[in-house]
Amino acid sequence: MCELEQDFKSFRKDLMKMNYKRKEMVGGVYDYDDAMKIIQESLTEKLGTQMELNQNKSSNDEQVIKDKAYLRKKKEEYRSYISDIVYSKNIRVRGYENADFIDEMVEEFAGYSILADAFNDPDVSDIFVIDWKTIFVEKNMGKSSKNVRYPKTFRSPKHYHNVLERFLRCDEKQVNNGENKIVDFELYQDRGCVTSSAVSPRDYSLTIRKHKEDHIKKEQLVQWEVLTEKMADFIGMLIHGECNIIYAGITGSGKTTTIRALLDHYVTKANKRVLVCEDTRELFLQNEHTL
């Protein structure tokens, strides 16, 4: 009887192992969080192996510029990894087509998470996250800009905090209730600021000012009657003369956009060198002789 019982226990163990392996091979239908966990674990393993391979290659001291082009390349790499995981493990997610789930996972691990729609909308200039479920954007509504409620929220406070930490890691920074209560950072050439719960008691806050990838030119400023040709040339003369200039205006009035266009035009024309001093990078001058 004991031997029969032992054989039965062994059979059950073998059956459990077979079912586990079969599930791994065949896959199954998962809830969103469970599927995301599988992706995360598989990505961690994949990227760890990839990092080891990269370390074995010859080192390159050239600085990586984390701009929008870098982000696009990074997302394509993650899309390849995540697609391989989803289809090799035959993962299906309740309420999702595979392509839609893959798109969300790419944004979750390499992109902007649930804020992707705001970043992809050219009419949105600013993003304001008050807490994990309260988000506003400033949006161009024709003749004026308005603050409107963003339709999406993070899934939980933990999800929100994880995304915040990932954003900050892109600029090698972190936020806490100690010395880093207020943190300015750069996210793929957009400007961001995070405050900890010691500063904004409701939750961590996140503010992001978007910058257009295609910079406006001096000729466009004149064409749009932001200033006349004579006004632009007068400022150009001051730039050539290396004068001290105070350039001021309210938030969103176009200070950075205008001064960037004028500097790029007149400094490049005069073949001058530029030294830029900023707390958080915003100008991104296209003049090649710029430090």
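**Terms and their grounds**

A: Lys139 stands opposite Lys146 in strand E5. This is a predicted model, in which local features need pLDDT of at least 70 and side-chain atom pairs count only at pLDDT 80 or more, whereas totals for chains, interfaces and linings use all residues. Residues are numbered from 1 along each chain as its sequence is written, and side-chain values use heavy atoms, without hydrogens and water.

Q: What makes E4 and E5 a pair of strands?
A: Strands pair if DSSP finds at least two bridges between them. E4 (residues 134-140) and E5 (residues 145-149) have five bridges, in the antiparallel sense. Strands are DSSP runs (E, at least two residues) and helices likewise (H or I, at least four), numbered from the N terminus.

Q: Why is Cys243 called partly exposed?
A: The relative accessible area of Cys243 is 43%, so Cys243 is partly exposed.

Q: How do you know that the span of helix H8 agrees with its twelve residues?
A: The expected span is 1.5 Å times one less than the number of residues. For H8 (residues 229-240) this should be 16 Å, and the end C-alpha atoms are 16 Å apart, which agrees.

Q: Which residues of H8 are buried?
A: The buried residues are Ala232, Gly236 and Ile239. Seen down the axis of H8, they fall within an arc of 55° (taken from the directions from the helix axis to the C-beta atoms), so they line one face.

Methods
Buried means under 20% relative accessible area, exposed over 50%, partly exposed in between (1.4 Å probe, protein chains only).
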